[in-house]
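Please look through the structure below together with its sequence. The paragraphs that follow go through it piece by piece.

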Amino acid sequence: MQRAFFTKLFVLFLLGACSSVQASNVMPYIISSHDFYRSSPDQLPLSEQMSAVINSPPDPIRINQLSPIRVAFLLSDSALNIKNKAMLHTFERRMQELGIAYQIFIFDKLLKGRLDNPYGAIQQDKPDYIIATALDFVQSRVVEKVLQKGISKVIYFDLSTPLANWKYHPPLMYVGFDQVKVATTLASYIDRQLPQKAPISALMLPSGYLNDVRCNSFLDAMADRNRHINDIQSVSNKQGAFEAAKRILQKTPNAFIFSCSQTISEGVVEAIAQQRKTQTTPSFPRHSSTELGDTSLFAQTNSWGMSPHELTNLSHRYVLVSSLFMWDDLVIAMAEGIKGNMEGRAEPALYVGRSSIMSPEQDNVSLHLMLQQAYRYSKVLQ
Amino acid sequence: MMNTLSLQRRAIYRILALFLGTFFIVSAVSFVVFDRKIESKLKSSLITKKQIVEDAFESYLGRSEYEMSFIAQDLILGNYEPKKALDVLFGHHDLLFFGGLDFFYIDWAHRAASVDPRARLYTKDDIPSLFKKAKINRWVKVSSQDGAILLVYKKKLEGKQKGFLGYLYGFISLNDNLTLASKLLDSAKVDMVVIRDTKTGDILLKEGINNMSLSDGVVSATIALSTSIYDSELELDVINSDSLPNSLLYQWVTFIVWAFIALTALYICLVLLVRRLVFKPLALAVGEANSTNLPFIELEPLQAQSSQYHQFLKAKERRFKLLLESSNNAVIFCNEVATVGTINEEAMRLFPNYKHARSVFDFTPISCHQSIQDALKGEVGVTFELTFTQLNVMYQWRAYSFINENGFRSILLIGRDTTHEKRLSWQLEQLKPSSLQLHRHIEVDVLLDELILLSRWPDSVPNEYFRGWLSVLLTLLEDLKAEDSDQCEQSVGELLANEYEWLISHLGGPSHIVHIDCSVAVGSFVIEVDNNLRNLLRVLLMLMVASDVSQRRLTVEFDDDLEIIISSDAEIRPFWYWMINALLHPLNGRQRKLRNNVFKVDLPLIKKAMQSTDLTDSFTVAWVFNDYPEPEKIKESLLRLGGRVDAYLSTDAFFMQASTVTQFDVILIGSDEDIDAQRNMTKALKGQQGRDELPVVWLGTKLCSTIERGVLGIFGYVSDYQLYQVIAQACQFDGITPMYLGSQQQAWIIVGGSRVSKAIWYSELERLSVSSQWLATLSEYGAIFPYHPDAVVVLLEPQPVELLQSIQENFPNVCFYAVQKWADMPDNVRLFEMNSPFSGEQISALKHHVQS
């Protein structure tokens, strides 16, 4: 029975990856954080406790380790990716601060088929903890097998919606952000900022978890606010986004283009920047906070807080609003989860990280401070 | 008496009650358990059914999603003309009419929306307003204004080539969807399903089979429904009618039957076991109660107690035997039919034939049978005497009745040997009493005291009295010493009279009236009289007669004993006490001193006979009391005796006074000092009646030795008895008819006048043989004149005019003569003037004047 569900899930993923015609739907297979806490009320205090631990100075582990713990990281793409690098750095640093002896095994580029038998390869290293970083078919398959065997403990990174199918063999911890909430917040902000008739387009991700959870939630939230979105397109990379944005801007130069991911946002920003350069509107305001209100005159997009030029984009009004995720908090939660597990304490099965939005209305100092807070361990890398 | 109980039956009933109780409890508990079991089974099956309903619901949603995908794909891939898109869709897919989706709505991105015509069948609301809250790829619950509750599913229409086309909205009605409801009911075979929104409490779907009613007994389960509907908290009620399944009843009844059989078997076993282990040995043990050793420890105290009782009874029996044999009495115990039960040796000796007798009557003499039967009937104090001549013994038997152990009246005969006793008493009777009896010794001190007191008597007491007193004393002392006694029978009244006469003859008349009360009834009892009694009476009478200051009264009564009571103001002197005691002793009498100096003597005398007390029912007495003291007492006595009494002050009054009496049976003439008055009157009566034997009785306070012949008399004291006696004698003579002197002639009535005048008139009128009556006044003329309507009234003193006139009016024949003239004398009064003192001539002249 369970296998049949998993098989169905994989088929859906495959369909999502391969077919753009028939949109898949992951919603029936995930449990929202809200539903999770409602069905397990005892988890909420643990989660709040974890939030307090994350925001307090590290407390070293109180047990004597006989041998270093072995932690395996499953990465879909390269370990050198800035996101992954930041994650590893933060993790290592927190582990050191906690005084836990550890060994890290990294299995990267899994989605690109670097390993023929990822499960076998991982098992060879006999990790105590496996950290899965994305809900793709490779990692989910490996994790499923690990959970079934019960050899290692799994922490799912960047996934705040526990999977219903793993209800009876759950991972040690899910850590992630509430994407629906972020999308709804964004929609609310944009709705307030843009004039009623302002043209809005949306560049969505191809069918998949993030598309279903984040992009569709944004569309629903906008529909709920009676906002008509003129153009909806799916793009899979930065180039696609750039081109799509350019097409949109040609039709409606002052459109607000919703970007559903950081990559898309970067493409759109590029297209907007290009449009600005070509138009060279003399009236375009520069660092003029007094004219910020008139957002319908020029094209803008949104960002997801991971661009190296985040503040610049904001100040240049390429970006109307940026979502900021406390990525380092997630990693710290993983380290603290491992520590608590080693000590035998109860740890929350789900930790939802904090997120906020950055807007041009805020002054630079505040925005800097916000970024510092979000990347308090990994900022050294940037 | 307490009702006895059967221990065995009690035990059996108690055990039965226990088992019945157990049976009922088991029945009740088992019913509850079975009921609960079935209910929990139903509930658990309902929970399973809920899962099925949930699955059916989800599969329905899944199918609808599939339809949505199908339509979406058709719309993306098909190149339909905008206006005909719906027609084409329906034309291509018949399943749309019978599918899960109730209706759909296509919100095209760049053209007008297409609305499924079925939408109007579900709601009149604006559809876009309904799907405002819809979520992409999620089912969301929406409610229309007109009460339709719908689930809406939003799907993006996005093709790779065509790009974003718009949204497809699919709707499923919840509260108006028979297909869904039937599927839910059908899937789990339940009678009713209710889907409720937990947040708002609204019922989203409610459907039951046709004849389902919630008022019947139902079993329901309310469980949270987990669905894929976005942000919803639903509850599912699965309801099944709770008809008590026959299987439950069957199972329960089967169980009960088995339980009953098991308990019955157990009960029988237990009862048998109890009988065998407890009651049978108990019965055996009771049979062997007397054996020395009982096999059961529990019965030992009982046995000990029983043997103790046994010993106790034995000891009692021995004591009883000992008592029977040692009592020197003949004892016979008989039962209710007089059969001899127990008999002691002495009784056996008396009645040797008792063994052959059936009852006590067979060997006892007939004379005592009545007594025994009386005792058998419950009479108490039955005694009889039996003389056994062959043994030469006498036994006094006493019969006691008692209730025997069977509850019947039985009899105990105790015979006491009284042979010696009787013999001795006879011997004693033969012996003469001793002359030297202590009580007859005179106490000299007492006598001396009395004599000293005598010497202190006043001089006024005549010497004769002293002499008499001493002679009486000496006579009494002499008689006291004398041993032989003259015995005779005499009535009490006569005895009293004789002794009084004897005493007076010695002492002379008493200085005061003696009161002796002796009623006719008491006086007429005849008793045996001896010297002692005589002397006792003399002493008692002496106390009466003796010259003391105080008056004494002697009352004689006869109840069982002769009681003589002396009430006096002063105490009786010690000598007389001694004397009375000395005389009482041989008479077995006793004396008592009561309060207020009342002295009482009781003499146990046997009434020998009674004098006849015949007397004419009524007699008429003329009581001429003259100077007799206390004439009223005599009158009261006469009235007590039933006589009619006419009292007259004097002889003259008797002759003069008019009376209605035609004949006097007896004439009592009293006197104290004036003895001649009696004699004169008797003489007058004799003359008048012309015979010597007249019923005339003289009453005198002093003894009169010269009583006339043919005249009865009582002297000294007068009691009822004496009066009776004398009247009875007098009544034997012919009665006396009163003859007034004035009856043949004209009556003369003399009014007023001094004593001297009256004396002159009286003597002169006597001489002239004129009968006269004497009145002080004429005020009571009504009592006289009716008898003398033609009387001659001589007024010696002036009288009221009115009175004279009224008399004249009433009695016109009455002639009034005045001897003196007085003022305003009425005309009807004739004046025959006389000069005082009146002389015989004048009176004689008046007579002649009147007659002329």
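Leaving aside its neighbours within four places in sequence, which residues is A:N84 in contact with? The model is a predicted one, and in it A:N84 touches A:L75, A:D77, A:S78 and A:A79 once those neighbours are set aside. The residue belongs to helix α4 of chain A, which covers residues 82–98. With a relative accessible area of 6%, A:N84 is buried, because buried means under 20%.

Charged pairs come next. Side chains of opposite charge can pair when their charged atoms come close. Over all chains, a search of the whole structure finds 32 salt bridges. In chain A, a network of salt bridges links A:R93, A:R94, A:E97 and A:E336. A:R345 also forms a salt bridge, with A:E347 as its partner and 3.2 Å between the closest N and O atoms.

B:R63 forms a salt bridge with B:E67, and their closest N and O atoms are 3.7 Å apart. Both residues sit in helix α1 of chain B (residues 7–77), and because they are four residues apart there, about one helical turn separates them. B:R63 has 32% relative accessibility and counts as partly exposed, while B:E67 is buried with a relative accessible area of 3%.

The second pair is B:E499 and B:R538, a salt bridge in which the closest N and O atoms are 2.6 Å apart.

Where does positive charge gather in a patch on the surface? The patch is made up of B:K314, B:K316, B:R318 and B:R319. Of these residues, B:R319 is placed in helix α8 of chain B, which spans residues 300–326. B:R319 is exposed, with a relative accessible area of 54%, because exposed means over 50%.

Backbone angles give another point of entry. A:N226 is not a glycine, yet it has a positive phi of about 60°. It lies in the loop of chain A between α8 (209–224) and β7 (231–234), and at 52% relative accessibility A:N226 counts as exposed. In chain B, B:N137 likewise has a positive phi of about 60° although it is not a glycine. The loop that holds B:N137 runs between α5 (127–130) and β3 (139–143) of chain B. Is B:N137 buried or exposed? B:N137 is buried, with a relative accessible area of 5%.

Chain B can also be described as a whole. It has 24 helices and 32 strands. Of its 852 residues, 46% are buried. Among contacts between residues at least 6 apart in sequence, 61% join residues at least 24 apart. The chain exposes about 46100 Å², and carbon and sulfur atoms supply 54% of that area.

Note on methods. Residues are numbered from 1 along each chain as its sequence is written. Chains are lettered from A and ligands numbered from 1 in the order in which they are written. This is a predicted model: local features need pLDDT of at least 70, side-chain atom pairs count only at pLDDT 80 or more; totals for chains, interfaces and linings use all residues. Side-chain values use heavy atoms; hydrogens and water are left out. Helices (H or I, at least four residues) and strands (E, at least two) are DSSP runs, numbered from the N terminus. Buried means under 20% relative accessible area, exposed over 50%, partly exposed in between (1.4 Å probe, protein chains only). Contact means heavy atoms within 4.5 Å. Patches are made of residues with over 30% relative accessible area and no salt bridge: like charges are joined within 9 Å, nonpolar side chains (Val, Leu, Ile, Met, Phe, Trp, Tyr) within 5 Å. Accessible areas come from the Shrake-Rupley method with a 1.4 Å probe; for residues, only the protein chains shown count as cover. A salt bridge is a side-chain nitrogen of Lys or Arg within 4 Å of a carboxyl oxygen of Asp or Glu. Lys and Arg count as positive and Asp and Glu as negative; His and the chain ends are not counted. The place of a charge is taken as NZ of Lys, CZ of Arg, CG of Asp or CD of Glu.
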